[in-house]
Amino acid sequence: MKMKKKIEITVSLEVIQKSEWSKEDRSLIERAIHAVEHAHAPYSNFMVGTALLLDNGQIFSANNQENVSFPVGICAERAVLSYAMGNFPNNRPVKLAVVAKRRSDSTWATVTPCGLCRQTINEYEVKFGHPIEILMLNPGEEILKASGIDQLLPFRFNDLNS
Ligand code: THU
């Protein structure tokens with residue numbers, strides 16, 4: 001019998017307990033947590049905060065900005081990347097932290113970047129030829145760390161010419 005040909009990709013995330021967070025990761029998460037409070041999420045009540053570290057040491061933060069016309073709203077990750085890349089186009093994004101909470105909850109919600117945001121992160125990895133680390137806070141206050149977008153977006157579309 002003919003074996004079916006397969007292409008397989010294995011992905012992995014590192015799980016980092018709070019006691020083991022690096023100083024850099026901690027400060028990025030703290031900036032994202034601060035940004036959650038200013039989310040404009042009156043429709044979903046799902047508030048997302050993000051912080052982006054650039055290679056010049058600058059950190060920018062943003063949050064989701066929803067709209068009464070739902071598709072007009074923008075996710076926190078694309079908001080921060082648009083701002084940072086629009087203003088500092090020559091500074092490579094190093095790592096991106098994402099945190100989320102439901103308005104009525106006191107614990108963190110599980111969050112990973114949506115498909116549009118994954119494709120956007122991919123764009124800047126390709127632009128700079130370097131992976132961007134993605135840190136996601138989980139409800140147990142652990143960081144889930146992806147070493148790059150390939151861990152969240154396997155089989156990604158990143159080349160018009162291949
Ligand atoms: N959202 C983000 O901002 N980032 C994510 O990673 C997940 C989803 C926003 C979009 C919308 O405003 C709300 O969360 C609910 O989907």
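The paragraphs below lead through a predicted model, from a central strand and its partners to a helix and then to the nonpolar cores. Residues are numbered from 1 along each chain as its sequence is written, and side-chain values use heavy atoms, with hydrogens and water left out. Because the model is predicted, local features need pLDDT of at least 70 and side-chain atom pairs count only at pLDDT 80 or more, whereas totals for chains, interfaces and linings use all residues.

Strand β2, which spans residues 46–54, is mostly covered, since eight of its nine residues are buried; buried here means under 20% relative accessible area, exposed over 50%, and partly exposed in between, with a 1.4 Å probe and protein chains only. Helices (H or I, at least four residues) and strands (E, at least two) are DSSP runs, numbered from the N terminus, and two strands pair if DSSP finds at least two bridges between them. Nine bridges join β2 to β4 (residues 93–102) in an antiparallel arrangement, and within that pairing Leu53 has Lys95 as its bridge partner. Strand β3 (residues 59–63) also runs antiparallel to β2, joined to it by five bridges, with Thr50 standing opposite Ala62.

Helix α1 (residues 23–36) has 14 residues and reaches 20 Å from its first C-alpha to its last, close to the 20 Å expected, where the expected span is 1.5 Å times one less than the number of residues. Its buried residues are Asp25, Leu28, Ile29, Ala32, Ala35 and Val36. They cover an arc of only 115° around the axis, which puts them on the same side of α1; the arc is that of the directions from the helix axis to the C-beta atoms. On the other side of α1, Lys23 and His34 are exposed.

A nonpolar core is a set of buried Ala, Val, Leu, Ile, Met, Phe, Trp, Tyr and Cys residues joined through side-chain atoms within 4.5 Å. In the largest one, which has 26 residues, Leu52, Val80, Leu96, Ile121 and Ile134 touch the most other members. The largest share of this core, six residues, comes from α2. Not counting residues up to four places away in sequence, Ile121 touches Leu81, Leu96, Pro113, Ile132, Ile134 and Ile149, contact meaning heavy atoms within 4.5 Å. Apart from this core lies another, of 17 residues, among them Ile16, Trp21, Met47 and Leu53.
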